[in-house]
Amino acid sequence: MSLLPRQLLSVNVAQAERWEIEGRSILSGIGKRPVSSVTAPQRIAVRPLGVEGDEQADLTVHGGLSKAVYAYPHEHYAFWQTVRAQAGAQPWGEALPHGMLGENLTLTGLLEGQAWIGDVLVFPDCTLAISEPRQPCYKFAARMGFPQAVKMMAQSGFCGFYLSVRKPGTLAAGEAYELVPGPREVCIAELFRTKMRGRKAD
């Protein structure tokens, strides 16, 4: 359970660009970079279909009203830093930049086991609702720089979660947010495990 305060550390966006993956040229918006950070807290507009300046290439994976924004717990960054170093994808001790997991929002204070579909994240000028877990794919492995990344996310359960936009507005890094419980019927962590089991059975 996260003991950190509920805070937005970074807002990250990307334009879709070509990636060479397994010999194919693939269009992807996974290469997110910070446009609002704690040291430079620019206000960024959030609209029903996502964060201003962000582009999604495959709307079946990220995009649309129910998956407009992707959030990821910063608490998992140390894990990914270690496994990437073990895989030779980055030097030991090098910090991962925010947005590295392909997320729009890098957060603290809310892990998958504490996040339920329908829970609402209330920011000072924007309200977002948890909609579903992220499912990793080959683009995630390419972004992380080693082929076992998808398996590592599946095993760890460190998937993050998609958000729909309940009240459009703006976000700025450094802001705190309040978590308002929804019906609490489906937990992100449990749903992710179920989805991963289903993929293995395919």
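A quick definition before we start: two strands count as paired if DSSP finds at least two bridges between them. Also keep in mind that this is a predicted model.

Q: How many bridges join strand β7 to strand β11?
A: Strand β7 covers residues 69-73 and strand β11 covers residues 161-167, and the two run antiparallel. Pairing takes at least two bridges. The number joining β7 to β11 is three.

Q: Which residue in β11 is the bridge partner of Ala71?
A: We're still on the antiparallel pair β7 and β11. Across from Ala71, the bridge partner in β11 is Phe161.

Q: Which strands are the edge strands of the open sheet?
A: Eight strands make up this open sheet with mixed pairing, in the order β4-β1-β8-β7-β11-β10-β9-β13. An edge strand here pairs on one side only, and that picks out β4 (33-37) and β13 (178-180).

Q: In the hairpin of β2 and β3, which residue in the turn has a positive phi?
A: β2 (residues 17-21) and β3 (residues 24-28) pair in the antiparallel sense over five bridges, and Trp19 has Ile26 as its bridge partner in β3. Two residues sit between the strands. The one with a positive phi, about 50°, is Glu22.

Q: Is Thr127 buried or exposed?
A: Thr127 lies in strand β10 (residues 126-133). Leaving aside neighbours within four places in sequence, its contacts include Val122, Ser164 and Val165. Its relative accessible area is 13%, and the cut-off for burial is under 20%, so Thr127 is buried.

Q: How many disulfides does the structure hold?
A: Cys159 is in no disulfide, with Cys187 supplying the nearest cysteine sulfur. For the structure, the number of disulfides is zero.

Q: How far apart in space are Pro91 and Gln81, C-alpha to C-alpha?
A: Pro91 is in the loop between α1 (77-86) and β8 (105-108), and it is partly exposed at 47% relative accessible area. Pro91 and Gln81 are 10 residues apart in sequence, and in space their separation is 9.0 Å.

Conventions: Residues are numbered from 1 along each chain as its sequence is written. This is a predicted model: local features need pLDDT of at least 70, side-chain atom pairs count only at pLDDT 80 or more; totals for chains, interfaces and linings use all residues. Side-chain values use heavy atoms; hydrogens and water are left out. Helices (H or I, at least four residues) and strands (E, at least two) are DSSP runs, numbered from the N terminus. Buried means under 20% relative accessible area, exposed over 50%, partly exposed in between (1.4 Å probe, protein chains only). Contact means heavy atoms within 4.5 Å. A disulfide is a pair of cysteine sulfur atoms within 2.5 Å.
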